[in-house]
There are 2 protein chains.
Amino acid sequence: MAKIAQRYLDIDPWKLIESGFHEDRALVSESLFSLSNEYMGVRGYFDEGYVKETLIGTYFNGIYEIPKDIRRSHYKGISDKLHYMVNAANPFYVRIYIGDELHIFDPKKIEGYSRTLDFKTGEATRTYQVSNLFEITFKKILNMKTYQIAHQKVIVKPITYFGSITLAFGIDFNTMHWGKPGYWDLIEAKKNLSLGATTTNQSVYVGYKLDTRSDYQSSVTIENKLNLETLNLNLNTTIEIDKTIVSLIDKTKIRDLIFFEEEANKLLSVSSYDQTLKDNTKFFEEYWAKNDIQINGDALNQQGIRYCLFQLVGTYQGVSEHNNIGAKGLTGEAYSGHAFWDSETYCIPVYLFTNPKAAKNLLMFRYNTLSQARKRAKELDCNGACYPIATLNGDEACDLWQHASLQFQPTSAVAYAIWHYVKNTKDTEFLIHYGFEMLVEIARFFSSRGQYNHDETKFGYYGVMGPDEFQMMVNHNAYTNLLAKTSMEYLIEVYETYQKNHKVQEVMNKLNLKDSEIEVMRRKCQLMYLPYDETTKIYEQHEGFHDLPHLDIHSIPVTDFPLYANWSYDRIYRNDMIKQPDVLMFMFLYSTQFDLETKKANYDYYEPKTIHESSLSPSIHSILASELGYKKEALDFFGFATRMDLDDYNRNAREGLHITSIAAAWVNIVYGFGGLRSDGEIIKLSPYCPESWTSYQFHLQLFGSNIQVYVDKENITLTLDKDLDEPIEIYHEVYKLKKGIYKIHVAN
Amino acid sequence: MAKIAQRYLDIDPWKLIESGFHEDRALVSESLFSLSNEYMGVRGYFDEGYVKETLIGTYFNGIYEIPKDIRRSHYKGISDKLHYMVNAANPFYVRIYIGDELHIFDPKKIEGYSRTLDFKTGEATRTYQVSNLFEITFKKILNMKTYQIAHQKVIVKPITYFGSITLAFGIDFNTMHWGKPGYWDLIEAKKNLSLGATTTNQSVYVGYKLDTRSDYQSSVTIENKLNLETLNLNLNTTIEIDKTIVSLIDKTKIRDLIFFEEEANKLLSVSSYDQTLKDNTKFFEEYWAKNDIQINGDALNQQGIRYCLFQLVGTYQGVSEHNNIGAKGLTGEAYSGHAFWDSETYCIPVYLFTNPKAAKNLLMFRYNTLSQARKRAKELDCNGACYPIATLNGDEACDLWQHASLQFQPTSAVAYAIWHYVKNTKDTEFLIHYGFEMLVEIARFFSSRGQYNHDETKFGYYGVMGPDEFQMMVNHNAYTNLLAKTSMEYLIEVYETYQKNHKVQEVMNKLNLKDSEIEVMRRKCQLMYLPYDETTKIYEQHEGFHDLPHLDIHSIPVTDFPLYANWSYDRIYRNDMIKQPDVLMFMFLYSTQFDLETKKANYDYYEPKTIHESSLSPSIHSILASELGYKKEALDFFGFATRMDLDDYNRNAREGLHITSIAAAWVNIVYGFGGLRSDGEIIKLSPYCPESWTSYQFHLQLFGSNIQVYVDKENITLTLDKDLDEPIEIYHEVYKLKKGIYKIHVAN
């Protein structure tokens with residue numbers, strides 16, 4: 001469990017800086033210096049090529065491939081709709097010849113290396129000298145608004161070499177994925193413009209234009225899926241060439257090439273590096289003004305949290321209701337680009353209080369994939385809709401039945417997120433037009449998948465796996481039972497409130513929802529079983545958990561980790577060790593429904609059994625620890641939240657960034673130290689400042705107001721840009737806040 | 001659950017007869033007319049070719065291939081040693097040309113078809129007329145003693161056609177397996193003699209000689225893995241040609257070709273069709289004299305049980321301690337030729353009381369594969385030895401962790417079988433030299449895999465699947481707990497009895513077995529938990545079973561069967577439906593340890609929940625029903641035991657015969673109607689004659705005596721060929737039987 005920082009970057013509040021080349025961390029740097037704008041993501045690989053291992057990765061949100069040559073299961077309900085986010089074209093391909101000699105990045109031949117990523121512009125810069133001959137600089141930037149546009153800038157400055165130089169700029173569809181080539185079929189290629197290529201179901205088109213202030217001769221070749229424009233120049237003064245790239249995707253593979261050409265040309269004609277730099281500067285100015293988190297007196301976490309926020313807005317900002325948030329964002333191939341229940345559970349709270357439109361669009365993703373969720377429920381011999389464990393396109397992409405057929409937290413997370421979103425935005429329009437239909441189908445799924453026990457005195461879920469993935473095929477998992485109950489209860493509440501509404505009636509007719517069905521659900525909710533001991537106040541994680549063989553998690557040798565690699569597959573499933581919060585998870589989600597004493601009893605019981613193998617585990621524990629006054633533990637758990645990837649705590653940042661953990665870092669600060677509670681009748685805050693910080697500051701977007709919350713050891717200072725329509729509770733006192741500044745003493 | 005007879009064969013007590021060709025049952029006939037002699041098996045396919053679907057299958061016991069191109073799991077403990085019995089050469093290949101026209105078996109062009117299989121010789125004969133031109137007869141026979149030798153006889157008798165006829169006899173290694181070619185690489189081929197071919201790890205050599213009384217010209221070609229000898233003849237009188245085939249296998253691929261040639265020539269020189277017919281006649285005379293079962297007044301079951309016994313001796317007679325019994329014997333590709341716990345649980349009781357040497361050799365198979373079982377235990381992070389769920393060579397061939405990592409009945413079955421064998425043979429030599437070492441490793445496995453519950457008051461198995469495969473990942477499965485306990489207890493007993501024995505001490509030293517380890521096991525046995533209710537006398541199948549959602553198995557629509565094809569994979573695992581006996585299974589194995597009242601309580605509780613999806617389930621229920629006086633149920637359960645394949649009750653006889661179900665049929669008659677009990681202090685018998693039979697008779701090989709047991713409505717008549725050294729209890733009375741005949745009144 002030892003998580004040790006592997007620090008090698010400079011500390012700076014607004015930048016990522018690598019001074020000197022760290023060869024052993026080359027792949028980690030590729031991940032860390034990734035750029036993305038929700039639409040596309042590009043790893044910080046070497047445009048000019050690298051002599052050693054590299055992962056040249058460019059990904060588009062929702063562009064996937066279907067695995068071939070796999071042995072499919074014959075069993076019903078085991079998904080055969082597997083798909084993964086596939087590495088697409090490399091539009092930054094460049095090859096440089098000094099005279100006749102090809103220059104590829106070779107750590108042995110360079111000096112003066114430095115690399116930066118600027119959180120205020122999204123510009124990544126890499127510069128170095130080659131054998132005292134010349135200096136070369138590469139810049140990359142993705143336009144945060146006109147997201148189809150990306151730029152590359154190559155600057156070559158002579159030092160002692162003055163002579164011929166050749167630069168060949170390419171669009172390369174010879175992408176490797178999982179170490180193998182051959183994913184893309186070229187459908188048409190033309191000079192400069194469109195190089196269309198397809199996966200099984202989708203297409204990607206990439207066009208570009210070059211802009212250089214120097215004279216040059218150019219020739220174009222299109223061979224082997226590589227569209228290459230070669231410029232022959234003379235290096236007598238600094239050469240600067242901009243490549244503007246336009247990437248267009250077609251998720252349904254139905255558009256004609258001609259439309260892409262038109263669109264590409266239009267976008268290219270109005271784009272330039274300088275324009276994008278200007279656009280981005282404005283974009284980030286507004287972003288930081290509304291979203292910045294300050295951590296004063298802790299330079300490491302300051303840089304860490306800003307990096308998190310930078311990557312988070314890059315991964316998702318609600319551009320499209322057909323996009324989602326992969327566990328690794330758009331920065332690598334691990335987890336196959338899939339979105340998990342993390343999107344609803346960790347990301348929606350962040351967006352809900354920073355960018356509610358984005359929160360809504362994440363929910364719309366689920367609405368738009370409701371038909372797949374319906375099919376999935378049928379595959380499982382159930383009614384309604386079952387949302388996938390892992391997906392890009394709405395289909396279940398996980399073929400492990402023990403997860404995909406037994407875990408229902410993605411489904412309940414959608415219902416919870418609808419409830420949470422509507423409660424904190426009052427967006428009844430969304431509820432009626434989209435939320436209600438999802439809720440009906442989710443409730444139907446839970447109603448049909450649940451079973452009565454032998455004498456029909458208890459209702460609940462048999463043969464399930466809760467959020468704690470170390471307990472498989474259990475009965476009456478408290479989390480599953482509770483969330484199924486709240487999902488059905490919320491439907492009943494919405495049904496009772498809005499059943500006279502015209503749109504709601506339309507949905508009821510379409511889905512043939514009758515009173516009688518609601519009554520059946522009501523009875524199931526009444527009999528929903530929650531294993532709970534009145535005297536100890538402890539909820540049993542599932543029926544029989546208390547009597548499981550005890551494993552002292554501290555007795556596990558460090559060399560046994562990660563357990564999935566070193567333990568026999570079944571071994572984690574037969575003791576009281578916990579992977580990630582399960583009972584404590586629902587105490588976080590429904591925080592206001594459990595008193596402090598109950599939380600304490602359950603925290604004290606479950607936390608010592610938890611190994612936090614999921615990177616999403618510590619934040620929930622930190623939040624509860626804050627509430628229980630376990631301030632040291634709270635800060636310890638927070639310890640590696642903001643710098644998980646920067647310091648490579650999990651030793652796998654090379655594979656891509658832990659994007660949804662970034663959301664968990666935000667949740668950790670705002671719900672933990674800030675004490676936000678958003679599941680009750682009224683929004684609550686009860687911030688405190690961790691001992692080792694001097695102060696911190698975060699923002700909340702609440703019912704149209706932006707509230708800046710500044711917390712130091714004595715006071716919290718709230719700055720509102722507008723009157724707040726709804727009351728808010730701060731340290732158990734209810735306020736009606738107007739535009740302006742409020743100062744309130746920190747409670748103890 | 002409706003099992004309906006699909007009868008199409010004639011009824012005969014000593015033969016299988018198909019009168020007229022049943023085209024829709026062609027593949028079923030191929031299975032039913034299979035021949036085998038433990039060493040090899042050959043399906044009753046068409047030597048001359050068939051215009052429609054056929055499965056040309058020839059298999060050698062223990063000759064396997066390793067699957068390629070499969071996606072292997074990265075999880076530890078999921079077996080990567082998969083292997084399957086691979087279809088080998090077709091040595092009966094023959095092509096017939098009438099003039100220039102190729103004759104392939106075509107149902108449209110033939111008449112007068114008949115086919116027989118003679119249980120007294122093992123000779124299969126197939127004869128028919130072609131368009132009134134000529135009559136053709138094919139005979140096949142495998143030598144039951146010189147098991148490398150097989151014969152084919154082709155007889156062509158002119159009717160109206162007199163002219164040239166060409167017969168081409170081949171050895172064909174272009175075998176299809178699972179519908180695909182390409183399994184064998186030819187290493188050398190010579191005229192007439194050896195056509196050697198290899199799989200990944202093993203080799204098969206086939207030689208032959210032709211014997212004909214007619215003049216002929218012959219030419220040999222060896223092309224495309226087909227060794228073909230073509231004879232040009234004149235059909236003026238009946239032509240009869242015998243092909244004698246010798247098949248030699250090399251399981252370790254180390255022998256030189258020259259040795260095979262020598263051995264093949266030697267065997268061929270002394271073999272002939274007539275000699276084998278003579279050998280087999282003698283073999284079966286002796287076999288039936290000692291093993292025949294008569295069922296008088298029930299011609300269907302009479303033919304059925306003789307067919308069972310015929311196929312059983314063909315599959316296994318104890319020739320080699322490196323052979324085992326596949327679930328489908330050597331008759332098809334289903335179940336991949338794998339041996340399961342059926343070998344110990346259903347087959348060993350049969351051999352133990354008919355051919356004890358064969359029972360011992362089945363145990364020696366486990367001794368010979370102990371090292372693989374040790375490795376398997378290690379893969380599972382356990383000590384000792386864990387025997388595979390499915391295997392040909394001792395390695396675990398099942399890559400489904402939910403079976404291979406959670407089911408331990410193969411391991412406990414080995415311990416039980418050692419105990420059962422030694423108890424009923426007094427073969428302490430075997431116990432000391434082989435059994436003890438296996439017992440130590442088995443007990444070690446159970447000691448290390450088991451766990452104490454939370455307060456360490458109970459010991460047992462967490463995360464297991466018992467014999468009932470409808471309950472996965474359960475805790476304290478009563479069968480698993482009890483059999484682990486008896487396995488460890490038996491080791492302790494043997495240890496205490498023989499620890500002064502030199503050989504035992506040698507093993508103790510080798511395995512570093514100490515008193516202290518025995519004491520730990522003793523404590524685990526003492527605390528082994530068996531969920532049991534004193535008042536109801538019901539053993540709970542596993543902790544929590546009683547409270548599972550109830551499913552009325554009669555409410556399942558017939559169209560839902562087989563459930564594995566129509567239900568979502570997880571659905572069978574979350575109710576109280578049972579696939580096959582679990583609690584009732586151990587009440588059968590340790591019959592004398594449970595009183596009638598307890599058996600009745602458990603039978604009445606569990607049987608109505610059982611759908612008997614395993615073909616091995618009904619026999620155990622029939623035996624218990626007999627004991628409980630449920631005579632109608634007992635006969636109903638027996639109903640399709642003897643004719644499961646003949647009447648194709650399971651609709652899948654085309655894939656191969658249910659060989660281990662055949663063993664279960666023997667067990668059903670002898671333990672059920674015969675009332676044999678062999679798990680107590682003394683062998684017991686309490687036979688009765690089912691109402692619809694007039695009488696029946698079976699044999700028991702007991703401590704060197706052969707006892708013929710004849711049962712009619714009034715009496716049982718015991719005929720002993722030797723004095724019986726041990727006492728025997730018949731209807732609660734103890735007898736010391738001598739050579740001779742005893743008549744005892746049937747008890748009510």
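In what order do the nine strands of the open sheet in chain A stand? In this predicted model, the order is β1-β9-β10-β11-β12-β19-β16-β15-β14, and the pairing is antiparallel. Strands β1 (15–19) and β14 (185–189) of chain A stand at the edges with a single partner strand each, so one side of each has no neighbour in the sheet. On average, neighbouring strands of this sheet are turned by 15 degrees against each other, direction ignored.

A helix also belongs to this picture. Helix α2 (residues 257–269) of chain A packs on the sheet and touches β12, β14, β15, β16 (203–212) and β19 (239–250) of chain A. The direction of α2 makes about 140 degrees with that of β19(A).

**Strand pairs in the sheet**

| Strand pair | Sense | Bridges |
|---|---|---|
| β10(A) (residues 123–130) and β11(A) | antiparallel | eight bridges |
| β11(A) and β12(A) (residues 149–158) | antiparallel | nine bridges |
| β14(A) and β15(A) (residues 195–198) | antiparallel | four bridges |

Strand β11 (residues 134–142) of chain A can be followed in detail. Seven of the nine residues of β11(A) are buried. On one side, β10(A) and β11(A) form a hairpin with three residues between them. In the turn of that hairpin, A:Ser131 has a positive phi of about 45 degrees. A second hairpin leads from β11(A) to β12(A) through six residues. A:Thr137 takes part in both pairings: A:Thr137 is the bridge partner of A:Thr127, and in β12(A) the bridge partner of A:Thr137 is A:Ile155.

**A helix in chain B**

Helix α4 (residues 299–315) of chain B has 17 residues, which at 1.5 Å a residue should span 24 Å. The end C-alpha atoms of this helix are 24 Å apart, so the two values agree. Of the 17 residues of α4(B), 15 are buried.

**The two chains together**

How many residues of chain A are in contact with chain B? There are 37, and they meet 37 residues of chain B. On the chain A side, β21 (451–452) and α14 (563–566) each supply at least two of the residues that touch chain B. By class, this side has 16 nonpolar, twelve polar and nine charged residues.

Chain A can be laid on chain B by a turn of 180 degrees and a shift of 0.1 Å along the axis, with an RMSD of 0.1 Å. The two copies are therefore related as by a two-fold rotation axis. Both copies use the same surface, as 100% of the contact residues of chain A recur in chain B.

Definitions and conventions. Residues are numbered from 1 along each chain as its sequence is written. Chains are lettered from A and ligands numbered from 1 in the order in which they are written. This is a predicted model: local features need pLDDT of at least 70, side-chain atom pairs count only at pLDDT 80 or more; totals for chains, interfaces and linings use all residues. The expected span of a helix is 1.5 Å times one less than its number of residues. A residue is buried if 20 or more other C-beta atoms lie within 10 Å of its own, exposed if 12 or fewer, and partly exposed in between; C-beta atoms are placed from the backbone. Two strands pair if DSSP finds at least two bridges between them. Two residues are in contact if their C-beta atoms, placed from the backbone, lie within 7 Å. Ala, Val, Leu, Ile, Met, Phe, Trp, Tyr, Cys and Pro count as nonpolar, Asp, Glu, Lys and Arg as charged, and the others, Gly among them, as polar. Copies are superposed by least squares on the C-alpha atoms of residues with pLDDT of at least 70 in both. Axes are lines fitted to C-alpha atoms, for helices over the stretch in contact, and angles run from 0 to 180 degrees between N-to-C directions.
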